[in-house]
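Here is a short briefing for a first look at this structure. Keep the sequence and the model side by side as you read.

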Amino acid sequence: GGAAEPPPRLVLDLEQLQQVPTEEAAPLQRYAATIQSQRGDYNGKVLSIRQDDLRTLAVIYDQSPSVLTEKLISWGVLNPDARRAVDQQKS
Ligand code: C2E
Ligand code: C2E
Ligand code: C2E
């Protein structure tokens, strides 16, 4: 991708995350809870995460970042604009 354009923010919808069936959502729920705890950021309805965290989550879910991104978007947990972050990482 071009270096001039800033990567999109990755924003998790924490309320929507509570609606996702637990088995699938549990690793992401634990990960988000850990970040909230590390930041002391407990009151948010959303949580901005690092680009690197999406790659880490892809390892946790044993899926490619792009497949995981589509899954999280289909759950309504991740902003659709996040697709651009994964596209940029490919090149
Ligand atoms: P750290 O990575 O050593 O960051 C120390 C502090 O630098 C953070 O304290 C925060 O005030 C600031 N900081 C670092 N990177 C960023 C950033 O990209 N944006 C903003 N706005 N501030 C940044 P904080 O928030 O209390 O976090 C404490 C520690 O918790 C961090 O130490 C890191 O180890 C972990 N952490 C917090 N949020 C995340 C996250 O989203 N992903 C990961 N992987 N670790 C996180
Ligand atoms: P934004 O990034 O579009 O975020 C809009 C609102 O979403 C934020 O309003 C906040 O209520 C919520 N939000 C987003 N990410 C998080 C998160 O990780 N934790 C929590 N608890 N809430 C989150 P807010 O706080 O009034 O911020 C307004 C705008 O100010 C943000 O718009 C952003 O443009 C800027 N801003 C706030 N904090 C930071 C920051 O740490 N780094 C940078 N670069 N900008 C920030
Ligand atoms: P942001 O605060 O607007 O930061 C945007 C980007 O600037 C970050 O993207 C990172 O590349 C860089 N950046 C900002 N502060 C620091 C820093 O202290 N150290 C380093 N090495 N880089 C920094 P990134 O990592 O993808 O993070 C995206 C967003 O996730 C951040 O937007 C912030 O809202 C949140 N975030 C990430 N890490 C932390 C953290 O440790 N603490 C807090 N409170 N928020 C974080």
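A residue counts as near a molecule if its C-beta atom, placed from the backbone, lies within 6 Å of it. By that rule, the residues around ligand 2 are Arg9, Val11, Asp41, Asn43, Gly44, Val46, Leu47 and Ser48. Keep in mind that this is a predicted model.

**Around ligand 2**
- Strand S2, which covers residues 46-49, gives the most to the shell around ligand 2.
- The strand's share is three residues.

**Around ligand 1**
- Ile35, Gln38, Arg39, Ile49, Arg50 and Asp53 surround ligand 1.
- Helix H2, residues 22-39, supplies the largest share of the shell around ligand 1, with three residues.

**Helices H3 and H4**
- Helix H3 spans residues 51-60, and helix H4 spans residues 65-75.
- H3 and H4 pack at an angle of about 95 degrees, and their axes lie 9 Å apart.
- Angles of 65 to 115 degrees count as roughly perpendicular, so H3 is roughly perpendicular to H4.
- On the H3 side, Leu54, Arg55, Leu57 and Ala58 make the contact.
- On the H4 side, the contact comes from Pro65, Leu68 and Thr69.
- The residues of the contact of H3 with H4 divide into five nonpolar, one polar and one charged.

How values were computed. Residues are numbered from 1 along each chain as its sequence is written. Chains are lettered from A and ligands numbered from 1 in the order in which they are written. This is a predicted model: local features need pLDDT of at least 70, side-chain atom pairs count only at pLDDT 80 or more; totals for chains, interfaces and linings use all residues. Helices (H or I, at least four residues) and strands (E, at least two) are DSSP runs, numbered from the N terminus. Axes are lines fitted to C-alpha atoms, for helices over the stretch in contact, and angles run from 0 to 180 degrees between N-to-C directions. Angles under 35 degrees count as roughly parallel, over 145 as roughly antiparallel, 65 to 115 as roughly perpendicular and the rest as oblique. Two residues are in contact if their C-beta atoms, placed from the backbone, lie within 7 Å. Ala, Val, Leu, Ile, Met, Phe, Trp, Tyr, Cys and Pro count as nonpolar, Asp, Glu, Lys and Arg as charged, and the others, Gly among them, as polar.
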